[in-house]
Structures are given as C-alpha cells and as structure tokens.
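Please keep the sequence and the coordinates at hand while reading.

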Amino acid sequence: MSAPTAAEPMGKRQTLEALSGLLLVLFVAMLSGTVVSTALPKIIGALNGTQTQYTWVVTATLLTATATTPIWGKLADLFNKKILIQAAIVVFLAGSVAAGFAQNTGQLIGARAFQGIGVGGLQALVQVAIAAMIPPRERGRYNGYLGGVMALATVGGPLLGGLIVDTSWLGWRWCFFVGVPVAVVALILLQATLRLPTVRRDNVKIDYLGASLIAAGVSLLLIWISFVDSSFAWISWQSGTMVGGSLLLLALAAWVESRAAEPVVPLDIVRERTTALAILGSLAVGMAMFGGAVFLGQYFQIGRGYSPTEAGLLTIPMMAGVLLSSIVVGRLITKTGRIKPYIVAGSIILVAGFALLGTIDHETSLVLLGVAMFVVGTGVGMTMQNLVLAVQNTVALKDIGAASSSVAFFRSLGGTIGVSVLGAVLARRVTDRITHDLAAAGIPTNDGGGSSSLNLSALPAPVEHIVRAAYGDATGHIFLISAAIAVVGILAALLLKPVTLRSSLDLPDSARSAAVAADAVDGAPAFDQVPVDAGTNRDPSRR
C-alpha cells in the first residue's frame, strides 16, 4: 500500500476542534499586547517611567518577537508543530508572570522582552498549523474566524486592561497575570484536539548565527532610533557607529543566510515575487498599524483625559472595522478564489483612515475619531492575514513554516521600527511643544516632555493642561507619518500577480514528489517518517 499522492485536509469536525485551541492561543498572544495598551500610561506613571521607556515597553516585546519568529517558523518545518506551540505558550507564561512582578520600568521592559520570545512563536506557529490543516482556498473562510479573534482580543484587551487598572483591589499587575489562566486552558485544549504529523529529518541544522546577526542588527538600529536627536545629534560619531554597525550586521546576516544549509529566512523563498511583495506590504502595514495604533490609548488618556476603561471603549470602532472586514472579505475570497483585489482595496482604505487620523488634535470630535478608526480597522482586516495567505498559496507545504514566518517576521519588524520611530517623533514633538508652552506661560522648565515622568497626577493643574494639549496635538502628526508609510503597501499590492487560490493543501508538484518518494520506500511508511521532500502528507485515520 502506498502513501497518498497528495496532502489531504482534515475533516471539518477535526479542523474546528483543533482550530478552537489555535484561536485561543492567538487570543492569548494578542491579549498580551492589547491588555496593556490603555493601562500603560498608568503603569508607567506608577513606576515613574518616561516617554522613552513607555515606547520601549512595547518595543521590547515586538523586538524579541521579531527576532525569534523566523527561528520558530524554521523549527516548525523540522520538528513537531504541536510541541513547539506548547513550548511557546510556556515561554509566554513565564514572561507574563515576570512582568506582573516587575518593580521598576527596567524590569518590566526585560520581562516584556522575554514574553516576546513566546509571542514570536505563537504568531508564527498558529499560522503554520492552520496552513497544515486547511487548503488556501478554504482558508479565506477561516480567516474570518482569525479576524474575529483579533477583534475580540483588541476590543476586549483594552477594556479589560482599563477595568483592571481602574479597580483598586486588582491593580495594574493583573494586566499581566490575567493571561495566565487563558494560556493554561489553551495548553490543555491543544493537547486534546491538535493532531499534526511530525516530519523527522536527519542532520537538522538551525542557523543560529544568521538569527543572532539579524537580531543584533535590528536591535542596534532601534537603539539608535530611540536616542538620536535627544542624546546625540543625527550627524555624529554615535549615529555613524550605530547605523554603520547595524547595516554591517544585517549585510553579514544576508551573506550567512545565502550560504546556510537551513537558513531562518530562506532567500530563495523571499526573492519570489509574491513573497517579496507581500513582505514589502506587511512591512508597511506593520509600521503603520503597530506604530500608529499603539499610541491611541496614550492619546485618549493623556491627550484627552479619559480613564483607561473609557479609552478602551473609544477604540471599539477600529476593532469593529477589523472584525467586519475580515469576516466579509474572508468569505468573498473563499467564494471567488481571488485575493489581490481585496488586498489592494484594503491598502487604499488603510491609507485613507490614517490620513483622517492625521487631522486630529486634543479637541477633535469623537465622531470623526470613530469614523477614522473604523476605516483604519477595515483596512487592517482586509490586508494583514490575506498577505500571509497570498504567500502560503505559492509555496509547498514543506516550506509553509519558513514562508509564513518570513512574512510575520517582516511585519513584526515593521511594527517594531514603526513604534520606535513614531515614539521618538512623538517624544520630540511633545518635548518641544511643552517647552514652548511653558515658556509662553512664564512657568520655569526643568526638563522636557520626552524625558519627564508621565505621572500627570503629580503635576500642577496648569502644567497638566499644557502636557495634555501637547500629547493630543502631537499624536495627529504621527498618524500622518503612518499614512505616508502605508502608501508603500498600496504599491506592493498593485504589483501582486492576480492568482486563483488553490484548493489543495500542497502544490501539485510537491504532491507528485510525495508519491514518488513514498513508492520508493518498502511498504507503507509511517507518516511521522516521511522524507522531507514528501511534504507532510496526512493520513485522515491517524489521530
């Protein structure tokens, strides 16, 4: 008896059972970021942190998630995906507990960085596991479920975070503890429902050198972005050293990746047209979305004076846009098999939404804000998951981990750079505005807004009003920058090839290779011993 000639999808019931655990994992990962979005101003205020530290609490998680995403994705092509997902959950849990016990901003940033290692695994491996279960054509429908989870985590997270910090008997530390029981449930659910074959390979080699060089190059660049124009000038020996060192490290990383036996970012996949354009689009979307949206909670609380709970409620229009667009567009993609028109439309809508947000100040109508956020959410729901889907449709099942994680890597990289750049721009503009307004009011200044404490309750009323106005007015400027960055996503989307999504799990050529490899083996091989060239054909009877 020979092995099946093509990778066969799981039954609908099995798929939904396994998907429930994966979606809960995705919810946990997203909740870790959104639950602190509205709580972070109070957290940083309680720890007497600064605007730069505010940015780095977010950036630290994004940075480590970015650096580790391609490693997790590559491991998924080599080892058991289920065990890797569970390992990522454990790392995430440890980071969450450490963040909850942090005594100062330095400890909080360090814990969030460790937490990001787990987040990097979850955001890559969930996509990989879903791709191993569901064909691209059908995946459009399930992307609606992904969008629903994204919307729930993004709406529920800020609301939950706001309620936690506004509840005296809980306190901000529970923003990090709250994800622990959810993650434990996800572990149990995955153990019971997720059944994926193991691809065993001899002489496995992980490109740790390439991954380390990428992480070091990106980290050095982000450190420069955070401190340039405040600690040293744009044209200075410090800038030259950091930028030059970052470019050198990244160039060395590219050289290592081109020669590595098992590169974490396979250049042959990255150079493929659809993958390259999807990466470019994801980079732009990540910079715009993460970089812009992360400061909305700060805008509503510091710029407008709302409580964390109110700030969470005010972000609902954006999440409604994500939910509705991802569900509707996902079903349309499954029905038609076409994906490019929706990515192009979503990219245009995203730019329009950020352009609207670019007009806000500390007195902007909440109705206009709601409309603008809904438009941004619609654009995100139409582009983010579908860019990954476009890439998954072009690669063989055996390469799905590396391809998916490459897109996730560059999207996270874009988000990390976006948060750092826009945070630095915001800090600088706030500093200049506060300094100017304090001088105009005849109030002596000791330091700028970019380096001063964000604990507004400790400020005199006149100074508090100036600080709030400065934050409210400066936020519109960073959304304009986000709109300009997102234009790159439109160009990338327009250049994508118009294709029809395949209805099989694997590429036809890969399926034929699997049959040849199976027939060359004496007897019927066990599916956890399929050679690497055979992909990961699935026996539907195997549980």
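This is a predicted model: local features need pLDDT of at least 70, side-chain atom pairs count only at pLDDT 80 or more; totals for chains, interfaces and linings use all residues.

Residues are numbered from 1 along each chain as its sequence is written, and side-chain values use heavy atoms, with hydrogens and water left out.

**Overall make-up**

The protein chain holds 20 helices and zero strands, where helices (H or I, at least four residues) and strands (E, at least two) are DSSP runs numbered from the N terminus. Of its 543 residues, 59% are buried, a term that stands for under 20% relative accessible area, as against exposed for over 50% and partly exposed for values in between (1.4 Å probe, protein chains only). Among contacts (heavy atoms within 4.5 Å) between residues at least 6 apart in sequence, 85% join residues at least 24 apart. Helix 13 (residues 296-303) is mostly covered, with eight of its eight residues buried, including Y299 and F300; G305, which follows helix 13, has a positive phi near 85 degrees.

**The nonpolar core**

A nonpolar core is a set of buried Ala, Val, Leu, Ile, Met, Phe, Trp, Tyr and Cys residues joined through side-chain atoms within 4.5 Å. The largest such core has 152 residues, and L22, I85 and I89 touch the most other members. Leaving aside neighbours within four places in sequence, I85 is in contact with L22, V25, L122, L125, A129, L190 and L194. A129, found in helix 5 (residues 105-133), is buried with a relative accessible area of 0%, and beyond its neighbours within four places in sequence A129 is in contact with L22, I85 and L196. The C-alpha atoms of A129 and A18, which are 111 residues apart along the chain, are separated by 9.4 Å.

**Aromatic pairs**

Rings of Phe, Tyr and Trp (its six-membered ring) pair if their centres lie within 6.5 Å, with planes under 30 degrees apart counting as stacked, over 60 as edge-to-face and the rest as tilted. A search of the whole structure finds six aromatic pairs, two of which are set out here.

| Pair | Centre to centre | Angle between planes | Class |
|---|---|---|---|
| W174 and F177 | 5.4 Å | 80 degrees | edge-to-face |
| F354 and F479 | 6.1 Å | 25 degrees | stacked |

F354 lies in helix 16 (residues 340-357) and F479 in helix 19 (residues 461-495), so this pair ties together parts that are 125 residues apart in sequence; both F354 and F479 are buried. W174 and F177, by contrast, are three residues apart in helix 7 (residues 174-177) and are separated by about one helical turn. W174 is partly exposed at a relative accessible area of 41%, whereas F177 counts as buried at 15%. Ring pairs link F101, W174 and F177 into a cluster.

**A surface patch**

On the surface, L356, V367, L368 and V371 form a nonpolar patch with about 320 Å² of accessible area together. Helix 17 (residues 366-392) contributes the largest share of this patch, three residues. L368 is found in helix 17 and is partly exposed, with a relative accessible area of 34%. Patches are made of residues with over 30% relative accessible area and no salt bridge, like charges being joined within 9 Å and nonpolar side chains (Val, Leu, Ile, Met, Phe, Trp, Tyr) within 5 Å; a salt bridge is a side-chain nitrogen of Lys or Arg within 4 Å of a carboxyl oxygen of Asp or Glu.

Note on methods:
Accessible areas come from the Shrake-Rupley method with a 1.4 Å probe; for residues, only the protein chains shown count as cover.
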